[in-house]
Amino acid sequence: MTTQYLDLFSRLTEGSDGGKREFLEIGRLAGQFPAASVSGVEDTSRISVWCSNDYLGMGQHPAVLEAMKEAVDEYGAGAGGSRNIGGTNHCHVTLEKELSALHGKDDALLFTSGYTANDGALSVIAGRMEGCVVFSDALNHASIIDGLRHSGAQKRIFRHNDTAHLEELLAAADPDAPKLIVTESVYSMNGDIAPLAEIADIAERHGAMTFLDEVHAVGMYGPQGAGIAAREGLADRFTVIMGTLAKGFGTNGGYIVGPAEVIEAVRMFSRSFIFTTAMPPAVAAAALAAVRHLRSSEAERERLWANAQLMHRLLKERRIPFISDLTHIVSVLVRNEALCKRMSTALLERHGIYVQAINAPSVRAGEEILRVAPGAVHSTSEVEMFVKALDQVWEELGGPREEVGIRLR
Ligand code: PMP
């Protein structure tokens, strides 16, 4: 009876490569990672993962696991309600205090993910300022785009990291309108960094409020892992800083920190905060342990950065192009959807290396990448082996040899 509907959905999901999407089920994230099943791979016990966002290995850290287990015993498996209706636990409140202290801001607010943090916070901040005009970087994440859509505010897009364009758009806007500039610090798909000092200056000149997504920076950069703005001494020039607990901190959830007035308004009006069950207390406890550990330990950041720099150097020597050498996100530029997928498959089937091919809509069509994330858990020899394997596959499949430093706009 409903076949015509099913046909419709079937057509909808026919990928550009004509194939059904398969998830690769990974076992553990550290060391060698047994995968449950991978078509074309016989021995799945020796697959190593090079595209995990658990950049520092905190999802496996004993202190984090211990905190989570203890909290499960103490508080159970779930929160039992939304934050406002019975779902707030001591772990949530303690974590919020820790996060506001980490960033040196008045207050913090937790969300169940970074996605809902951006969506919920931006829809309130941009939506509740009458006549607000938002200035948003062209490569901002989908969650930012959705939050701004939900706000209903007018939006101007500036070219990626192009401060002259940002300034031009601000100058053309009504000087009396409230203004909000939204950027990321480390860009998730390019691995480059926004010119934060210039953006803060521009915001000041035009009386704009600022919202900074530090999802790919918190834990990894800055004093105590407070992010890029903190590293550059700019944290107090960004009104709201947003982060995730799911990448550097290895667990799950998102947050914003900022002035008490803003946080309180988001707490009162944000739909993605109000109308959903709070994160399990045990997740908050695990995240708290990760944040505390990374505030006092440099070891993970040092290992991550040593591995990232080694990978940058080895790729440059082989003239395998990648977008930016400023961070641990090494986006190897393939720029061809089919070739990118073939490379990913060859790495998996022949070398036991899992690195996901990234296609549209995560990147623009024609800018396909292998988004490589060397982590703190990889050893030096693993990084060397990875680049050697990539180099072989690159040669066999005819990948382009170019210089590093291509900046996409
Ligand atoms: N912002 C950016 C820049 C991201 O890359 C992501 C996730 N990849 C998010 C927000 C959402 O974070 P989360 O995964 O915690 O939902």
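Here are some numbered notes on this structure, written for someone meeting it for the first time.

1. **Before you start.** You're looking at a predicted model, where local features need pLDDT of at least 70, side-chain atom pairs count only at pLDDT 80 or more, and totals for chains, interfaces and linings use all residues. Residues are numbered from 1 along each chain as its sequence is written, and side-chain values use heavy atoms, with hydrogens and water left out.

2. UniProt, in an unreviewed entry, puts the feature "domain: Aminotransferase class I/classII large" at residues 49–390. Keep in mind that UniProt positions are given in the numbering used here, that feature names are shortened, and that annotations may be inferred rather than shown by experiment. The span 49–390 is 46% helix and 15% strand, and its end C-alpha atoms lie 13 Å apart. Helices (H or I, at least four residues) and strands (E, at least two) are DSSP runs, numbered from the N terminus.

3. **Aromatic pairs.** How many aromatic pairs does a search of the whole structure find? The search turns up three. Rings of Phe, Tyr and Trp (its six-membered ring) pair if their centres lie within 6.5 Å; planes under 30 degrees apart count as stacked, over 60 as edge-to-face and the rest as tilted. One of the pairs is Phe111 with Phe273, an edge-to-face pair at 5.7 Å centre to centre with 70° between the planes. Phe111 sits in strand 2 (residues 107–111) and Phe273 in helix 11 (residues 271–274), so this pair ties together parts 162 residues apart in sequence. Buried or exposed? Phe111 counts as buried at 3% relative accessibility, and Phe273 is buried at 4%. For these labels, buried means under 20% relative accessible area, exposed over 50%, and partly exposed in between (1.4 Å probe, protein chains only).

4. **Another ring pair.** Tyr221 and Trp305 have ring centres 6.5 Å apart and planes at 75°, so they are edge-to-face too. Tyr221 comes from the loop between strand 6 (208–213) and helix 9 (228–231), while Trp305 belongs to helix 13 (residues 299–317), so parts 84 residues apart in sequence are tied together. Tyr221 is buried at 7% relative accessibility, whereas Trp305 is partly exposed at 31%.

5. **A charge over a ring.** Take a look at Arg128, which lies over the face of Phe269, 4.0 Å from the ring centre. A charge sits over a ring if NZ of Lys or CZ of Arg is within 6 Å of the ring centre and within 35 degrees of the ring normal.

6. **Salt bridges.** The structure holds 20 salt bridges, each one a side-chain nitrogen of Lys or Arg within 4 Å of a carboxyl oxygen of Asp or Glu. Among them is Arg237 with Glu204, at 3.2 Å from N to O. This pair links distant parts of the chain, 33 residues apart: Arg237 is in the loop between helix 9 and strand 7 (240–244), and Glu204 is in helix 8 (residues 196–205). Arg237 is partly exposed at 26% relative accessible area, but Glu204 is exposed at 55%.

7. Arg318 lies in the loop between helix 13 and strand 9 (330–333) and Asp391 in helix 15 (residues 380–397), 73 residues apart. Arg318 is partly exposed at 26%, and Asp391 is partly exposed at 21%. What else are they linked with? Both belong to a network of salt bridges that also takes in Arg313, Glu317, Glu395 and Arg401.

8. Most residues other than glycine have a negative phi, and most peptide bonds are trans. With that in mind, check Ala360 and Pro361, which are joined by a cis peptide bond with omega of about 10°. Pro361 lies in the loop between strand 11 (357–358) and strand 12 (369–372). Gln224 is not a glycine, yet its phi is positive, near 60°; Gln224 sits in the loop between strand 6 and helix 9 and is partly exposed at 32%. Arg319 has a positive phi of about 55°. You'll find Arg319 in the loop between helix 13 and strand 9, partly exposed at 36% relative accessibility.
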